[in-house]
Amino acid sequence: MKKTTWWPGEDHEAFTEWSLAQGVVANGVTPARFPGRGLGMIATRKIKKGEPVVQVPTNVILTVESLPGSFREQFPEGTPVQAMMAAYLTHGSEEELSKYDLWRRAWPTRQDFEDSLPMLWPTALGGLTWPDSDAPAGTSQPNVLPPCISGRWNTIRTDSSTRNYETEHQNLLAGQEQRLGKAWADVTAVLPETDWRSFSYHWLILNTRSFYWVAPDQEPPEDRNDAMALLPFADYFNHSDVECDVKFDADEYVLRATEDYEEGDEVYMSYGSHPNDFLLAEYGFFLEKNDSDCVYLDDIIFRDITSSDKREELSLNQYYGNYQVTYQGVCYRTEVAACLKYMKEEDWRSHVLEGSTEGVDERLSGDIIKGWLQTYCTEADAAMGALRAALESDTVGQAHRQKAETLLRRWAQIKEICEGASRAIDL
């Protein structure tokens, strides 16, 4: 269905002209402003799935290799690529950066980030304490961010010692705080006069707008965050939960349509298969429909499974943590954890290693899992109650009402996920 669009504005029109003059090819797409949703890419004609829609020459891509060697050499080995690039955008000379002026004018403002990214929200809404935050470190506030983002709960006590394993989609604010904090420390050790607001702004530009990039003569880095590049014009695409179709080589970066589009449709690219909590924390938005959406029961399950022997069993058999819940139900890891609650340990080992059903009680497992899901629903009710009360009393202030309403919508989704998974157990 076609949607009404607005002209993107003079800065974006000028940047588009600049991009095309640099050799960028826009094949049936152009930037547009979608009322109520911001900027995106619109189809100017009918587009078939698989067609190249944007091609960006590698010589206009901004990578760490694009930075002057004299600037890069100031930093010790191991300095994150994102930190060095943000430092360059903050400290580069006016002459060096002038070629990017039109591009930079088309970027989101710092205010845009403060409006959309939870890490920059006021502490009353779960934001982190930064050098320019609105409250001192340690300020106690009710938790209104989803636990996958904040790592905090209102209705249960958690044990932080259980979080000693890799997670991609949990404790997201802690990860952001660590990455940005390290970048700041690394850069100020070399350039102590660095301005926090300018540096953190450029770090966020890279965090939200970069594409995966590895030079043809290089091996992929161990840390995926060190394989990043900024692509002019291509960064207008908004995210959709569809398979991404991008390829790059020594000459160009090519983005292809992932589905058919009619003239006037918004054209999307995928940022990856991520749940809505990740999209909200990293990019400042989430989808109304997201086939990759999920939440995690880790804190709830580890509150219930307190035996060190049983936790060790989970760890030894590679079932420790990352217990995922979707609208369709819970993952097998969650089912295995539920079995450990009541089964003899030798029977449980035979079950997970050999497929034995000795001692497995599906009804009892289902009841345990539904109890875990109900705990999450109770947390959702508590958070939504706190948000509604804040909105009714206007304690969040007019400037932050939209943020609170965004969280209300997200919590409603989370409760729907848990209720849907609970219903699936009875089918």
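This report describes some strands, helices and single residues of one predicted model.

Residues are numbered from 1 along each chain as its sequence is written. In this predicted model, local features need pLDDT of at least 70, side-chain atom pairs count only at pLDDT 80 or more, and totals for chains, interfaces and linings use all residues, while side-chain values use heavy atoms, with hydrogens and water left out.

## Strands

Helices (H or I, at least four residues) and strands (E, at least two) are DSSP runs, numbered from the N terminus. Two strands are said to pair if DSSP finds at least two bridges between them. Strands of a sheet pair through backbone hydrogen bonds, either parallel or antiparallel.

An open sheet of 4 strands has the order β1-β4-β9-β8, and its pairing is antiparallel. At the edges stand β1 (25-26) and β8 (246-248); each has a single partner strand, so one side of each is left without a neighbour in the sheet. β1 is joined by 2 bridges to β4 (residues 52-57), and the two run antiparallel. Ala26 has Val54 in β4 as its bridge partner.

Strand β10 (residues 266-269) is joined to β3 (residues 38-43) by 2 bridges, and these strands run antiparallel. Here the bridge partner of Ile42 is Glu266 in β10. Strand β7 (residues 238-239) also pairs with β10 over 2 bridges, in the parallel sense. Asn238 stands opposite Tyr268 in β10.

## Helix pairs

Axes are lines fitted to C-alpha atoms, for helices over the stretch in contact, and angles run from 0 to 180 degrees between N-to-C directions. The table gives two helix pairs.

| Helix pair | Angle | Distance between axes |
|---|---|---|
| α3 (residues 81-91) and α9 (residues 196-209) | about 125° | 8 Å |
| α13 (residues 332-342) and α14 (residues 345-354) | about 160° | 10 Å |

Angles under 35 degrees count as roughly parallel, over 145 as roughly antiparallel, 65 to 115 as roughly perpendicular and the rest as oblique. At about 125°, α3 is oblique to α9. At about 160°, α13 is roughly antiparallel to α14.

A crossing is left-handed if the near helix is turned anticlockwise from the far one by less than a right angle, and right-handed if clockwise. The crossing of α3 and α9 is right-handed, and α13 passes α14 in a right-handed crossing.

Contact means heavy atoms within 4.5 Å. From α3, the residues Gln82, Ala83, Met85, Ala86, Ala87, Leu89 and Thr90 meet Ser198, Phe199, His202, Trp203, Leu206 and Asn207 of α9. By class, this contact of α3 with α9 has 8 nonpolar, 5 polar and no charged residues. In these classes, Ala, Val, Leu, Ile, Met, Phe, Trp, Tyr, Cys and Pro count as nonpolar, Asp, Glu, Lys and Arg as charged, and the others, Gly among them, as polar.

In the other pair, Tyr332, Val336, Cys339 and Leu340 of α13 make the contact with Trp348, His351 and Val352 of α14. The residues of the contact of α13 with α14 divide into 6 nonpolar, 1 polar and no charged.

## Buried and exposed residues

Buried means under 20% relative accessible area, exposed over 50%, and partly exposed in between (1.4 Å probe, protein chains only). Helix α3 is mostly covered, with 10 of its 11 residues buried. Among the buried residues of α3 are Val81, Met84 and Tyr88. The buried residues of α3 pack against α2 (69-72), α4 (94-97), α5 (101-105), α8 (172-190), α9 and β6.

Asp277 is placed in helix α10 (residues 276-283). Asp277 counts as buried, at 1% relative accessibility. Leaving aside residues up to four places away in sequence, Asp277 touches Pro146, Cys148, Ile149, Leu172, Val295, Arg410 and Ile414.

Pro216 is found in the loop between β5 (211-212) and β6 (228-229). Pro216 is exposed, with a relative accessible area of 55%. Not counting residues up to four places away in sequence, Pro216 touches Asp249 and Ala250. From C-alpha to C-alpha, Pro216 and Met119 are 35 Å apart in space, and they are 97 residues apart in sequence.

## Positive phi

Most residues other than glycine have a negative phi. Gln318 has a positive phi, near 65°, and lies in the loop between α12 (308-316) and β12 (324-326). Gln318 is exposed, with a relative accessible area of 64%. Asn322 is found in the loop between α12 and β12, and its phi is positive, near 60°. Asn322 is partly exposed, with a relative accessible area of 24%.
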